[in-house]
Structure formats: C-alpha cells, structure tokens
Amino acid sequence: MNHYQDNFAQNSLPNQEFQPDYTFIDLPQFQHLEMLNCVHQLLDFHIDNGNENNICIRTFEETWTYQDLYEKANQIAHVLIDDLGLKSGNRVLIRSANNPMMVACWFAVLKAGGIVVATMPLLRSKEVTTIIDCAEISHAFCDSDLAEEMNLVKSDFLKKICFYRKSDLEKLMVSKPKNFKNYHSKANSVALIGFTSGTTGLPKMTAHYHKDILNICEAFPQYALQPTENDIFIGSPPLGFTFGLGGLVLFPMYFGASTFLIEKPSPDLLLKAIQEYKITICFTAPTAWRIITTKVNEFDISSLRKCVSAGETLPLKVWQDWYEATGLKIIDGIGATEMLHIFISSNEKNMKPGATGKAITGYEAKIIDSKGNELLKNEAGRLAVRGITGCKYLNREEKQREYVEKGWNITGDIFRQDKDGYFWFVARGDDMIISSGYNIAAIEVESVLLTHKDILECAVVGLPDEERGMLVCAYIILKDNYKANDEMKLSIQHWFKQIATPYKYPRAIHFVKELPKTETGKIQRFKLK
C-alpha cells in the first residue's frame, strides 16, 4: 500500500476543548490497545476461533457463513487498493439497500484503512452530491439497482465509482486473494462518518472511532439483549442509519450470531421471516410495531425473545397493544447519530411502560435548564448525556459548541427524570408547542389521539396563530377513511377534552391518507409545518 495518508477526517475533528468528556469511564470492557482495527473483533476473530462455518447473514434468497463474508470482504479490500487506488483515510461512500454485499463492502473499507460513509438508498443525486462534497469522498461502492441516480452525481472529489450486483466489483474480485492483512488502525482513528438529517442548511458530519464501534457492542446489547451466537437478528432500519448498523451488523457479529437482511422491509416480510427463520431479536420503529401488532396473529412468532424500538419515542399505547397481543415487552431506547447508538434504554428487569428507561452501562444522563443547571426530579428540561461515545462534528465548530456543553452531549430532546431514575420523553426541543402561554408537547397530544378507536396514525405540530401564538394541529389517518368528515373532527375534539387536559386538544384537524416519513419510519413533522 502507498504510505500516503489522507488526514482530512482527523484534521477536521473539533478541538479537544469542545469534545465530549470520556474521562469518567473506567470499566475494563471499554479499554483498548492503542492500535485497533474494529473489523478484527467483528469478523476475523470468528475465523481465528474456528467458527468460520457458522451462519453470518441470511436473506430470503441466500445464506453466507462467516467464512463467506470474510473472503468477500478481503477480496473487496484488495480491489480498493489494487484497482481503485484507495489510500488510508480516504472516505468511501456506500450506496445500497440492506444486503450481504453492502456488509462485505463496509468491512472491506475498514480493512483497507478507509473511512465508511454509508447512505440511505432513497437519497437523490443532489443529496448524495452534498454528502460527497462535505466529506470530500473519493470512492464509492453502489448497488447497480441505484446506478441511475448515482450516475447523476457530479463532484470533483469523486474519483472512482464501483458498481456491484452482477457488475464491475464482482468481476474485479474474481482474481483477488481471499486473505488480507488489515490496515493497522489506531483505536481513535475515524472509522465512519454519519450524516445527520438537518432540516435546513448543510447536513452535519459526525465521526466515530474504531473503539467507538466496539464500545457500543459492549453497551446496549449486554444491557438489554444478552445475545448469544444462537440469536438471529432482524429489523427494518437501513444500514446507512446507525440504529440499523448496530442492530443488524455490529451487534450480531460481535457476538458471533447471525443477521437476516431484507432490502425492502415491510411488516409482512418481517413477520414472514420471523416465522420461517425462527428470528429471536427484532429492531424496528414505533410506526412499524403499531402495524405489526395488527397482523401478528396471522404468524407464528414464538421464536422471538427481544423486541427493540428506537428512531422516535414509543407511545405507551403501542407498547401495551403489543404486550397484550404477544406477552413480549418492547425495549424502548433513545440514541443519536452523534452518539452512534442507544444510550438510554431498559431491559426486562428494569422497565416502566411509557418510560424510555435509564442510562445504560457506559453512560450517564441528567436533566438541565437553559443555563446548564441540573433540575429537580420530574422537572422537564434538556437531556444531557456523556459516556463511551460522543458528538464529534467535522468542520462545524459552531454546531459542536451547541451540541457539547462542558463535556456533556445536549441531544435536543426534552425529558424529565422521575424519583426512581427513569427518563421520560416529553418532546423534541423543536416539537414543543407554546399556545396561549401553555407548553404543550406534540408527543403528549399524539399519545392521547392514538388511544381513539378510529385513529390509526397521527402527527401533531404547532402552527402559527395570531391569537394564540401557536395552534395545536393534528394530521390524522383514520382506520376507515370514509369517516373523514367534519362531524368526526368535532367528535375527536370533544372526546379529547373528556379524557385529557382540555387546553391540549387539537384545534385544527386534517385527515390524510399518509404521513411524510424518513426511510427509518420517523415522521417528518417539519414537512407538516
């Protein structure tokens, strides 16, 4: 390999004074040697320990063992260096739906000393170009199914695009050795860059180290899942989203388990796979859990032992309906791209329905006011967290200063902490509606509306109003669309005032057939505003 090193990522990290505080963490599972390539623990380790024939990745069409993934990742690493001219530190874009070759490319980039930038499949060429220009990305792997949009990308930074799925990459791999000596990375070398979905302006790049990737595998899974090599993971989030990357690649492979990937996951396909392949652990968003609950009686899901929800807060009604239908308790969690994965959650031994949970092993959290003072129990305020991972925005010092205060990560969420230490979601900082002097959390109104017998889905936003400042406005999907009329609006408003605080009732109601959502199932409230 050419010894030239691309230091863009390391040089773009925030100054030490603005980085999160990790110093209070003193647990052996989070200590690492100075030199560390996370791929060894996640993949090569299983080959070295005689588990090469264990199943690693399944789909409805194919099955890969750990040996299959290892060999393909090694061959792709050779392609990166020999044919594509990758230098250590180069950023490599991966464009794909969830499939085995995407996972092989992800590991190959890190084996070769590159930095992974995985993206959502539905991004358009303009959005992809912005990502490439921000991260100065030089190389890209792209599923040939997404070639049309990728070919529209125009950037001076992008030097090589390699398509896969009966395309260039497979042809180049054929002649390559199936062994590869992993690049000698440092534990605190940048391994991946995750882009956050800002609603305005340039997206933010958040960097994570090789040690961060292994640390999250020792945190949430150990706390909430207790995985073994016999577990089979499944889920709907894309691997370009760190929730999906952890739940569907990093966690199963750290524990020598297997993962089931679906390129276009739907509730029906998730349930079909759970039944046919005896899946044990499922990751998906609250919206999907709600729909799956209505269909679960049509399938045998007796193999399922752990259910995880993240992406947005889990309404109590969804939790209760699922529990009544299956006897399983959904594990809620809050994470962030800036933190890499979940940092507050619960497990079956410490769970309060409706609460997000407690800070998991490796993290601590508190509720603070606008000046950074810690609030009393049950007072709503800003959530501050610190631990084994933290926000490291590249080239965005002003945003870094907003997110990290005195070593604490300020997530932008409004929470309260009860006397038992459980954290309860109140609102996103930007989802608080101030109407006639009252603070109304959109999620509170949604949680009430979802208990109505005729409402399937809803989203609540605040709209400007001359008289009240803001108006509580609900966008509602009814179970039976033919009931969408003014009489139903009045009925819902009257019902709301009977069972909840009257001033919180939605003064404006719009019936819709669908709600705008991200690929991960989050409702895009800013579009409704």
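User: Which residues of α2 meet residues in α9?

Analyst: This is a predicted model, in which local features need pLDDT of at least 70, side-chain atom pairs count only at pLDDT 80 or more, and totals for chains, interfaces and linings use all residues. Residues are numbered from 1 along each chain as its sequence is written, and side-chain values use heavy atoms, without hydrogens and water. Gln41, Leu42 and His46 of α2 meet Leu250, Met253 and Tyr254 of α9, where contact means heavy atoms within 4.5 Å.

User: Why is α2 called oblique to α9?

Analyst: The axes of α2 (residues 38-48) and α9 (residues 242-254) cross at roughly 45° and come within 8 Å. Angles under 35 degrees count as roughly parallel, over 145 as roughly antiparallel, 65 to 115 as roughly perpendicular and the rest as oblique. Therefore α2 is oblique to α9.

User: What classes of residue make up the contact of α2 with α9?

Analyst: The contact has 4 nonpolar, 2 polar and no charged residues. Ala, Val, Leu, Ile, Met, Phe, Trp, Tyr, Cys and Pro count as nonpolar, Asp, Glu, Lys and Arg as charged, and the others, Gly among them, as polar.

User: What does the lining of the second largest pocket consist of, by class?

Analyst: Its lining has 12 nonpolar, 6 polar and 4 charged residues.

Definitions and conventions. Axes are lines fitted to C-alpha atoms, for helices over the stretch in contact, and angles run from 0 to 180 degrees between N-to-C directions. Helices (H or I, at least four residues) and strands (E, at least two) are DSSP runs, numbered from the N terminus.
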